[in-house]
Amino acid sequence: MCCDLKRRFLLLYATQKGQAKAIAEEIWQQAGAHGLEADMHCISEMDKYNLETEKDPVVIVISTTGTGDPPDTARKFVRKIRDTTLPPDHFSHLQYGLLGLGDSEYTFFCNGGKTVDRRLQELGAQHFYDTGLADDCVGLELVVDPWIDGLWLALKEAFLLQKEKESMSSDVNAVSSALSAAPHIVHELSSEVQNLKLEDGVKSSGVLTQKLVDLNLVASTGDTEPSLVHSVPPVSQSALNIPALPPEYIEVQFQDVHGENPHLSSLISGGTAFEVPVTKAIQLTREDAIKTALLLELDIADTVFDYQPGDAFCVICPNNVNEVEELLHILGLSEKGDCLVCVKVKQGTKKKGATCPQHIPERGTLKFILTWCLEIRAVPKKAFLRALVECTSDAREKRRLQELCSRQGASDYTRFIREPNVCLLDLLHAFPSCKPSLNLLIEHLPKLQARSYSVSSSNLHQPGKLWFVFNIVEFPACPTRAVSRKGVCTGWLAELVAPLLHPSTNTLDARGGSPSTEKIFIFARPNNTFHLPADPSVPLMMVGPGTGISPFIGFLQHRQKLRKEHTDWEFGETWLFFGCRHQDRDYLFKQLRCFLENGTLTHLKVCFSRDSSTAEVAPPKYVQDVIRFYAKEVARILLKEGGYFYVCGDKKHMADGVSDAVVDIISMEMQVDRLEAMKILAMLREAKRYLQDVWS
């Protein structure tokens, strides 16, 4: 820098689950080492900054939520900049760089960031640094780390350009010329940077270069395969670029008194939570099915909870009680489990704008916080690993944790932590000398998120009742995880309703056992688009293999009731494509034929991927294959009759295949090339006539 004064830039973040904020905090922390000062704010704090008058460079880190929406914290900001009365030069004075976070598993990848980026450009703002798009599907760090590394030179160039405009002094021109001769930072980072390679030992500003003198600490060279606890060359012999140590900012005090824990309804930040009884539980799959699917019925009659078929809702769930007890034991806090915990900001912390996490109650027992507030199953971020290094006494374990959070160990982090979904407990078992403090867990573990499920019923068909269907998620044991586990919410729900279940039950009318007294907390998460057409005469096609059929049961119940109540109405053609592995093991709703018989469903097409066939021509195995078989009908309904096409279920293994099939059908039936067919499908999505409710 040409002067001792730190140059300021505005740093804004828009986060849904905390990742964008954590990345912004990393930028803020590194800024000082570059002689810069980041003025950091949540983008929702519009009283603390003003882009209309902002003269310094602006850096924005923004995530994406839902099906491509900006995060909740950015909604007000987005509404403001979308004002159609704003002139095209409204932000012509603004210089900015934007880092978008997203997941390419979903159709509208990084759309939150793209939306803001596009609108700022439309209003005259200029990039001082090209946009980065980081993909959580392959690892955010593949784009985030080099984007941050390149940010500092781009900022300094922006400041020099700014100063050059202010005064055209020859000194500044000389410095500018010198800088412009330097190798330029590679821009336009995007999710395609999956094969990014970083040279060992390269020093990047803002990170600490860690050189361990005693490389003999690494296990013997006879171990040629790396693992969670063991590395091999070149990682094991490299000088490491590791993140700066995040400053501690939480202080925890135990109070040896017993008190009441907060009400579970206080765990959600907006909306209303309802405590409702589980009145029915049915196992929809046979005992020998690969996955176990359950249907639960909730009694919502005594609440004001309302929903439409196609909506989703959230279940507030706890961590597994045994895992909480195990964590308390490892931390040496078993005797403190029922003590009240007081959490406050550590006096003198170096963390800018440090506040207590909103998901941690002011007063609650340690068990309550670990059970209901913190996602102890979360995959640890690299900043957490960096903090755990300082809590580890064994030199070999310390070195391996350093490697896993380093630039050089990026592929090991992906292979041994990210991909197998390693959690804190797994790490503490693998690195037994690591003894983190409770405040570290509160600082680094994210909020325990409520789990979302599609409604599988119609309030019109059965008032006061809500059905939903789910598979019990299984995580088998593997080299990085010594024990098998069930999903946090699905495992808890299965255990909760075990008294209601009857193994041989496979009908919707049967009741297993006596009515349950167990209750769960739920809150609404309305879906603004995944609904039946407002006009019942419009034809529709539904694709829902496995538990993806869930919302369509609600659709069909709703249509059946409307047909009974409005015999004079015209109802459009209705298709359902369903698939599963085995007809006799996991055909979830064999009662679908009832909808076919009473005319609610016009066409039911099913396929079974694992059943053998003696037919001369083998039947199609997957729903996308069945859809191709009915290409002319698909084209007629979508392209000629203005129909709707719904897809629900797994994205990677099904929804992408279905959209490929539809593109091929459009291409074939309209006699256009594939690119043109993709554009037509994009238009159908935009018109909300090709709708998806998918998960990864």
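I started with Asp-288, which comes out partly exposed at 37% relative accessibility. This is a predicted model, so I treat every value here as computed. Asp-288 pairs with Arg-286 in a salt bridge, and I get 2.6 Å between the closest N and O atoms. Arg-286 also counts as partly exposed, at 37% relative accessibility.

Next I looked up Arg-400. I found a salt bridge to Asp-412, with the closest N and O atoms 3.0 Å apart. Arg-400 sits in helix H9 (residues 395-404) and Asp-412 in helix H10 (residues 410-418), so this pair ties together parts 12 residues apart in sequence. Are these two buried or exposed? Arg-400 has a relative accessible area of 2%, and since buried means under 20%, Arg-400 is buried. Asp-412 is buried too, at 8%.

Within it, the side chains of Arg-8 and Asp-39 meet at 3.1 Å, N to O. That pair links distant parts of the chain: Arg-8 is in strand S1 (residues 7-14), Asp-39 is in strand S2 (residues 36-42), and 31 residues separate them. I have Arg-8 down as partly exposed, at 25% relative accessible area. My search of the whole structure gave 34 salt bridges.

Last, the nonpolar side. The largest nonpolar core holds 55 residues, and Leu-327, Leu-385 and Leu-388 touch the most other members. Helix H7 (residues 366-373) supplies the largest share of this core, six residues. I listed the contacts of Leu-327 beyond four places in sequence: Leu-370, Ile-376, Leu-424, Leu-425, Leu-428 and Leu-441.

Key:
Residues are numbered from 1 along each chain as its sequence is written. This is a predicted model: local features need pLDDT of at least 70, side-chain atom pairs count only at pLDDT 80 or more; totals for chains, interfaces and linings use all residues. Side-chain values use heavy atoms; hydrogens and water are left out. A nonpolar core is a set of buried Ala, Val, Leu, Ile, Met, Phe, Trp, Tyr and Cys residues joined through side-chain atoms within 4.5 Å. Buried means under 20% relative accessible area, exposed over 50%, partly exposed in between (1.4 Å probe, protein chains only). Helices (H or I, at least four residues) and strands (E, at least two) are DSSP runs, numbered from the N terminus. Contact means heavy atoms within 4.5 Å. A salt bridge is a side-chain nitrogen of Lys or Arg within 4 Å of a carboxyl oxygen of Asp or Glu.
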